[in-house]
2 protein chains.
Amino acid sequence: MQGGKHVSARRITLDDVRPLARGCAILGTGGGGDVSTSTLAAERALKDYGDVPLVTLDELPRDGLVLPLGSIGAPTVSQEMLMSGREPRLIREAAERDQGRPAVAVMASEIGGGNGVEPVAWAATLGLPLLDADGMGRAFPEVQMVSMYVAGLPAGTVVLADVQDNLTLIRPVDGLWSEQLARAVCVASGATALMADYIHTPAELAGAVIEGSVSRALAIGRAVSDTQDPIGALVRTLGAATLITGKIIELERHTGGGFVRGSVVVDGVGECRGRMLRVEIQNENLVALENGVVRASVPDLITLVDAQTAEAVSTESLGYGQRVTVLAWPCAPLWRTPAGLRTAGPAAFGYDIPYIPVEEAAHANV
Amino acid sequence: MQGGKHVSARRITLDDVRPLARGCAILGTGGGGDVSTSTLAAERALKDYGDVPLVTLDELPRDGLVLPLGSIGAPTVSQEMLMSGREPRLIREAAERDQGRPAVAVMASEIGGGNGVEPVAWAATLGLPLLDADGMGRAFPEVQMVSMYVAGLPAGTVVLADVQDNLTLIRPVDGLWSEQLARAVCVASGATALMADYIHTPAELAGAVIEGSVSRALAIGRAVSDTQDPIGALVRTLGAATLITGKIIELERHTGGGFVRGSVVVDGVGECRGRMLRVEIQNENLVALENGVVRASVPDLITLVDAQTAEAVSTESLGYGQRVTVLAWPCAPLWRTPAGLRTAGPAAFGYDIPYIPVEEAAHANV
């Protein structure tokens with residue numbers, strides 16, 4: 001996709017926001033925050049501040065700071081509690097002062113969901129370019145589940161700002177403490193905050209981020225927009241397996257400790273009649289099971305989409321009786337390394353199951 | 001007391017630690033952390049690093065930083081979970097870097113309990129003098145309950161370090177957010193951490209701290225050590241009212257959210273036979289009630305002492321059947337101002353009762 005027509009534009013404009021949002025929602029695997037408020041925020045910021053340059057690592061000054069930004073918190077809360085708009089400036093000032101270098105770009109910590117769209121607004125507000133990369137290639141629920149952690153970069157100073165203007169800087173001894181302390185601050189702030197972590201120079205981030213993520217999200221969003229067969233276009237663009245098409249007959253979600261957890265059961269229709277698929281959730285879709293057999297699991301991507309429109313259905317917008325298609329496709333190669341699987345494989349979420357790549361698991365006998 | 005024989009020494013030496021600890025325990029009103037581990041830490045640090053100068057605000061360089069230090073957390077945890085010893089250096093480095101000025105002294109955030117004794121160790125470790133002042137004149141359970149907050153100083157950057165070497169800097173919008181965020185970090189760190197807040201210059205702290213606190217704690221500790229009648233000596237030194245002498249017949253404590261809460265009932269003996277006093281607790285002793293009538297309340301000081309030795313009995317060392325005398329005496333004048341009472345009067349702890357100064361309440365008809 002990297003050389004394609006749609007991704008050659010090197011600026012994010014108003015026309016890009018809705019396709020970007022569709023793509024980010026699909027890469028969100030149910031989480032990463034709702035894209036609708038992020039879409040409005042990105043559109044407003046582009047109107048107010050102009051287009052945002054989309055850059056690669058090697059286009060940036062090598063000794064400036066990239067700010068990997070993302071909302072942290074349970075998505076059902078951040079959907080209701082909007083940001084003040086001052087958070088990116090508070091974080092930028094604190095990071096520049098902490099490190100004694102200027103910020104040169106914004107990066108999405110996670111490309112999935114609203115957290116992939118809102119960096120357009122943050123970059124526009126700050127007058128900075130947006131890096132065509134992210135730390136996940138998808139969405140994950142915990143802050144240490146980023147490529148920079150897997151690549152062994154230090155978290156450095158983690159900076160959080162909340163809607164009340166409280167600013168917190170954490171220098172954790174490792175990524176797990178980063179998660180524990182940042183999550184506690186986020187919950188105390190009312191369960192949502194804007195966070196920057198792994199604030200490093202472009203030189204330091206080389207090889208430790210997932211490059212091309214913004215272009216990829218745009219390409220996915222455009223593929224499903226310009227077609228009579230959105231599901232087919234999506235499957236081809238993602239290289240995805242279709243796990244099931246059916247309707248939601250069971251749905252369980254509860255919010256606590258900064259997370260949404262639960263599960264959803266899809267009962268097959270049409271060609272899938274007589275089959276049932278269960279998807280387990282912690283902010284994102286983690287594992288898809290059929291008759292107790294794993295059909296796909298983290299770190300591979302599992303997304304529920306509307307069976308007609310191929311719009312992603314997020315964890316918080318799941319509804320009883322909804323007709324959905326469940327797709328699963330391979331994660332970025334970094335997540336399949338031993339360090340990647342330790343960080344975000346099934347065991348990292350408490351599942352006592354081996355990781356089987358989706359290319360194999362999706363076609364296993366059940 | 002200020003000109004007395006015992007307080008004229010301008011250095012804290014090994015001989016001062018145990019009297020200081022006795023005095024701090026009495027000023028702790030049940031909280032501020034156990035003094036026994038703090039005593040050992042202070043003695044070891046004085047042996048390793050030498051005596052600690054005890055200074056007043058006007059003896060310090062006017063543009064350096066005073067580090068008000070204290071442990072935050074539930075005392076029953078900090079008694080079991082020792083510090084690493086690296087916390088003061090982590091905090092000093094972060095504060096100096098954050099503010100671009102050198103630290104010139106350590107101050108006890110609260111003189112009460114172990115938090116009044118351990119600053120001797122922190123000052124010795126850092127090679128800094130100890131300021132003869134604190135932020136409470138006693139102990140209080142919440143971090144905004146300090147004289148600097150009452151005096152209207154900004155909290156500035158709050159710095160926390162934990163036993164794992166995690167460092168957190170919080171720039172809260174006000175003292176209440178400071179409490180909420182610092183408490184969350186403390187709980188995530190395992191319910192205890194070392195904290196510095198209201199890091200200001202001596203010039204800024206003038207009029208906003210309670211001066212002479214260390215000298216006062218030393219004087220109290222010496223008064224009860226050098227006598228055949230420790231209770232009498234203590235009552236005279238404190239200017240205290242004796243609320244009751246009796247034995248503990250009811251005791252209830254539970255730990256949660258970073259606090260110990262509960263109550264204790266003392267059944268009168270001797271001259272007090274037939275009377276009962278109930279003391280309510282949130283880390284510290286908050287309110288003393290007799291037949292539903294308030295005999296003393298925050299911000300005035302209420303301490304249970306051993307009926308024979310006059311040793312303070314802390315919240316975590318209360319025991320069923322213990323013989324105790326309950327003393328109450330006036331707080332520092334700052335706490336009786338409208339801002340002081342809003343911050344740490346009965347209503348600040350959820351009590352719907354008016355504040356009546358202990359001089360009056362202790363002698364009310366019950």
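This note goes through a predicted model with chains A and B, point by point.

1. **Symmetry of the pair.** Start with how the two chains relate. A rotation of 180° superposes chain A on chain B, with an RMSD of 0.0 Å. The shift along the rotation axis is 0.0 Å. That is the relation of a two-fold axis. In chain A, the C-alpha nearest the axis belongs to Leu169(A), and it lies 2.4 Å from the axis.

2. **Which surface is shared.** Of the interface residues of chain A, 100% are also interface residues in chain B, so the copies meet through the same surface. The count is 17 residues of chain A in contact with 17 residues of chain B. On the chain A side, β7 (167–171) and α7 (175–188) each supply at least two residues. The largest share comes from α7(A), with seven residues. By class, this side has 11 nonpolar, four polar and two charged residues.

3. Look next at β7. Strand β7(A) pairs with β7 of chain B, which covers residues 167–171. The sense is antiparallel, over five bridges. One facing pair to inspect is Leu167(A), which stands opposite Arg171(B) in β7(B). In general, strands of a sheet pair through backbone hydrogen bonds.

4. **Domains of chain A.** The contact between them takes 30 residues from domain 1 of chain A and 27 residues from domain 2 of chain A. On the domain 1 side, the elements giving two or more residues are α1 (14–27), α3 (75–78), α6 (147–150) and α7 of chain A. Here α1(A) gives the largest share, four residues. By class, the domain 1 side has 15 nonpolar, 11 polar and four charged residues.

5. **The seven-stranded sheet.** Chain A holds an open sheet of seven strands. The order is β14-β13-β12-β11-β10-β16-β15, with antiparallel pairing. Strands β14 and β15 of chain A stand at the edges, each with a single partner strand, so one side of each is left without a neighbour in the sheet. Neighbouring strands of this sheet are turned by 35° against each other on average, direction ignored.

6. Strand β15(A) pairs with β16 (residues 323–329) of chain A in the antiparallel sense, over six bridges. Within this pairing, Thr303(A) stands opposite Leu327(A) in β16(A). Helix α10 (residues 230–238) of chain A packs on the sheet. The helix touches β10 (241–256), β15 and β16 of chain A. Its direction makes about 15° with that of β16(A).

7. **Cis peptide bonds.** Which residues does a cis peptide bond join in chain A? They are Val298(A) and Pro299(A), with omega about 5°. Pro299(A) lies in the loop between β14 (293–297) and β15 (301–306) of chain A. In the sheet order of chain A, β14 and β15 are the edge strands. Chain B has a cis peptide bond between Val298(B) and Pro299(B), again with omega about 5°. Pro299(B) is in the loop between β14 (293–297) and β15 (301–306) of chain B.

8. **Positive phi at Asn283.** Most residues other than glycine have a negative phi, and most peptide bonds are trans. Asn283(A) has a positive phi of about 60°, although it is not a glycine. For Asn283(B) the positive phi is about 65°. Where does Asn283(A) sit? Its place is the loop between β12 (276–282) and β13 (284–290) of chain A. Asn283(B) is in the loop between β12 (276–282) and β13 (284–290) of chain B.

9. Asn283(A) has 28 C-beta neighbours inside 10 Å, so it counts as buried. Asn283(B) is buried too, with 28 other C-beta atoms within 10 Å.

Notes. Residues numbered from 1 in each chain as written. Chains lettered and ligands numbered in written order. Predicted model: local features only at pLDDT ≥ 70, side-chain atom pairs only at ≥ 80, totals over all residues. Least-squares fit on C-alpha atoms with pLDDT ≥ 70 in both. Contact = placed C-beta atoms within 7 Å. Buried ≥ 20, exposed ≤ 12 C-beta atoms within 10 Å, placed from the backbone. Nonpolar A, V, L, I, M, F, W, Y, C, P; charged D, E, K, R; others polar. Pairing = 2+ DSSP bridges. Axes fitted to C-alpha atoms, helices over the stretch in contact; angles between N-to-C directions.
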